[in-house]
Amino acid sequence: MRLTDAVITPVKAQLALLGRMPTAADVAEALRRCDQVVSDAAVIQVQRAVRRDSVGAGLLDPLLTLPGVTDVLVNGPDRVYIDRGDGPELTEVRFESDDAVRQLAARLAASVGRRLDDGSPFVDARLASGVRVHAILATVASPGTCLSLRVPSTRRLGLDDWVTADSLHPVAAEVLRRVIETKTAFLVTGGTGSGKTTLLSALIGLIAPDQRILVVEDSLELEADHPHLVRLESRPANAEGAGLITMTDLIRQALRMRPDRIVVGEVRGAELTDLLRALNTGHEGGCATIHANSVADVPARLEALAALGGLNRMATHAQVAAGLSVIIHVAREGRQRFVREIGLLRRQASGLVETVSAWRLCDGVAERGPGWETLDRNLNQAGLT
């Protein structure tokens with residue numbers, strides 16, 4: 001007969017006092033103390049429960065290994081979802097209580113040296129497995145402690161894979177190859193989960209093998225098949241408030257490491273100003289991803305981020321006009337992720353930067369925009385026949 005959670009919980013509490021992984025004899029003794037019948041099946045069940053709650057992501061581990069799962073989302077103890085590309089799907093996984101969710105979240109945070117308690121009720125970290133985890137406690141969130149786990153892709157997609165999957169039009173693919181070959185600075189934009197990082201990884205893989213690439217990320221996500229790739233990851237302060245390493249710090253270090261290309265995984269704040277300075281001081285072919293709803297929204301988004309780094313509006317637009325050229329916008333519809341538009345950044349007479357569409361998909365039909373000839377001419381002038 002299988003033991004219920006109500007029976008196993010006090011047994012686990014007894015075993016937790018050991019301060020180590022329990023042996024079969026330890027489990028048997030704990031069962032006796034809790035007035036439970038000792039049997040081989042009961043000992044094995046308790047050992048599995050202890051191991052499940054002590055290693056990996058506990059109850060969530062089986063979900064993380066399901067084919068196609070990109071996210072595991074926990075909304076309190078009774079609502080556990082997975083996302084396989086079609087939106088959240090409710091699973092049968094349930095936690096005993098909110099305390100059980102909190103214990104798992106705290107253990108995952110502690111495994112990478114992070115603190116999660118009432119004084120610091122949320123955390124964002126990357127586990128040793130590569131899974132990115134965000135947790136926020138019930139003191140802040142309702143209906144309870146929430147966990148969001150992002151599963152890294154196990155497959156590296158090249159640009160040809162995007163074309164084969166109908167995620168990238170052949171004409172757009174040729175434009176992106178030329179952008180890489182000519183060392184044209186660009187941004188990949190889109191919403192959460194639209195495929196920005198996946199596309200940027202594919203583009204990095206096109207860079208010539210004799211070029212040294214410095215990748216700076218808040219959390220290591222970019223995966224590229226390149227022989228000369230150096231990855232730098234930012235780090236939050238520890239529980240004592242020491243050890244902070246910001247994206248700005250890493251971009252400045254990257255500039256001292258003789259890069260041929262500087263890649264910023266995702267620009268979220270003041271580090272944009274350092275990236276713009278790099279692109280305006282002889283570091284060609286730099287690139288990054290940013291969140292934006294469309295190509296047209298990019299200048300306003302850049303302006304807002306640069307303000308966090310102390311740049312005023314006109315200085316921002318001047319730096320953007322001189323350092324950045326191409327915008328690649330990706331979108332997601334259901335499971336399908338695709339390149340929707342390629343745009344140009346163009347400086348107006350007022351000194352402000354605007355975006356001009358050069359190519360886009362409209363209702364599945366590829367169209368050349370008003371910036372197409374300028375884009376073609378700029379790429380040709382950059383040295384490609």
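1. Basis. The model is predicted, so local features need pLDDT of at least 70, side-chain atom pairs count only at pLDDT 80 or more, and totals for chains, interfaces and linings use all residues. Residues are numbered from 1 along each chain as its sequence is written, and side-chain values use heavy atoms, with hydrogens and water left out.

2. Helix 7 against helix 13. Helix 7 (residues 170-181) packs on helix 13 (residues 372-381) at an angle of about 40 degrees, the axes being 10 Å apart. That makes helix 7 oblique to helix 13 (under 35 degrees is roughly parallel, over 145 roughly antiparallel, 65 to 115 roughly perpendicular, the rest oblique). Axes are lines fitted to C-alpha atoms, for helices over the stretch in contact, with angles from 0 to 180 degrees between N-to-C directions. Helices are DSSP runs of H or I, at least four residues, numbered from the N terminus.

3. Residues at that contact. Val171, Val175, Arg178 and Val179 of helix 7 meet Trp372, Leu375, Asp376, Leu379 and Asn380 of helix 13 (contact is heavy atoms within 4.5 Å). By class there are 6 nonpolar, 1 polar and 2 charged residues (Ala, Val, Leu, Ile, Met, Phe, Trp, Tyr, Cys and Pro are nonpolar; Asp, Glu, Lys and Arg charged; the others, Gly among them, polar).

4. Helix 7 itself. Its 12 residues should span 16 Å at 1.5 Å a residue, and the end C-alpha atoms are 17 Å apart, which agrees (the expected span is 1.5 Å times one less than the number of residues). Ala172, Ala173, Val175, Leu176, Arg178, Val179 and Ile180 are buried (under 20% relative accessible area; exposed is over 50%, partly exposed in between, with a 1.4 Å probe and protein chains only). Lys183, which follows helix 7, has a positive phi near 55 degrees.

5. Helix 9 against helix 10. The axes of helix 9 (residues 247-255) and helix 10 (residues 271-279) come within 8 Å and cross at roughly 15 degrees. That makes helix 9 roughly parallel to helix 10. Met247, Thr248, Ile251, Arg252 and Leu255 of helix 9 make the contact with Glu271, Asp274, Leu275 and Ala278 of helix 10. These residues divide into 5 nonpolar, 1 polar and 3 charged.

6. Gln319. This residue is found in helix 12 (residues 313-323). Gln319 is partly exposed, at a relative accessible area of 23%. Leaving out residues up to four places away in sequence, Gln319 touches Leu276, Arg277, Asn280 and Leu311.

How values were computed: Helix = DSSP H or I, 4+ residues; strand = E, 2+ residues; numbered from the N terminus.
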